[in-house]
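Trainee: Could you pick one part of this model and take me through it closely, side chains included? I'd like the cut-offs spelled out as you go.

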Amino acid sequence: MPMENNQKRSPLYKSFGYAFEGIFNTIKDERNIKIHLVVTTLVIIFGFILKISLSEWFVCILLFAIIIPLELVNTAVEAVVDLASSEYAPLAKKAKDAAAGAVLVAAILSAVIGSIIFFPKLYYFIIGLFN
């Protein structure tokens, strides 16, 4: 329901609280964001071990900044669609599938970019262990 002009807005700290609540609830309830966070953690660990460059860190952080928020938006779309339509509806399916597809495309492209960054470094790291 839209806010009327004479209604007061929540204080800023409450808005941040609601946002953090949304993040934590999504992490608690959704399997896919847990997977993304594990992969993010592994990328960070391997980034330090393999000593990726500053520009490579920038690319990795940019990819994190795409994937994690996209997963949050996907969760929001799914929740709103479920709220609006309790029975099967082709448009509801289309909305949920499109939101999930957006996350999948971003994840695949992130994996490709990550492979370009990490595979050569991993190769030389492994070769260096045997020399």
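Mentor: What follows is a close look at one helix and its surroundings.

First, some housekeeping: this is a predicted model, so local features need pLDDT of at least 70 and side-chain atom pairs count only at pLDDT 80 or more, while totals for chains, interfaces and linings use all residues. Residues are numbered from 1 along each chain as its sequence is written, and side-chain values use heavy atoms, with hydrogens and water left out.

Let's take helix 3, residues 54–84. Helices here are DSSP runs of H or I with at least four residues, numbered from the N terminus (strands are runs of E, at least two). Helix 3 has 31 residues and spans 45 Å from first to last C-alpha, close to the expected 45 Å at 1.5 Å a residue. That expected span is 1.5 Å times one less than the number of residues.

Now for what's tucked away. The buried residues of helix 3 are E56, W57, C60, L63, F64, I67, I68, E71, N74, T75 and V81. Buried means under 20% relative accessible area, exposed over 50%, and partly exposed in between, with a 1.4 Å probe and protein chains only. Their cover includes helix 1 (12–29), helix 2 and helix 4.

Part of that cover shows up at H36, which sits in helix 2. H36 counts as buried, at 15% relative accessibility. Beyond its neighbours within four places in sequence, H36 is in contact with I67, I68, E71, V103 and A107, contact being heavy atoms within 4.5 Å.

Then there's the largest nonpolar core, with 7 residues: L50, I52, W57, C60, F64, I117 and F118. Such a core is a set of buried Ala, Val, Leu, Ile, Met, Phe, Trp, Tyr and Cys residues joined through side-chain atoms within 4.5 Å. Helix 3 and helix 4 each supply at least two of its residues, and the largest share, 3 residues, comes from helix 3.

Side chains of opposite charge can pair when their charged atoms come close. The structure holds 4 salt bridges, each a side-chain nitrogen of Lys or Arg within 4 Å of a carboxyl oxygen of Asp or Glu. One of them joins E56 to K121, with the closest N and O atoms 3.4 Å apart. E56 lies in helix 3 and K121 in helix 4, so this pair ties together parts 65 residues apart in sequence. E56 is buried at 17% relative accessible area, whereas K121 is partly exposed at 25%.

Another salt bridge pairs D82 with K96, the closest N and O atoms being 2.7 Å apart. Again it's helix 3 to helix 4, so the bridge ties together parts 14 residues apart in sequence. Both partners are partly exposed: D82 at 43% relative accessibility and K96 at 24%.
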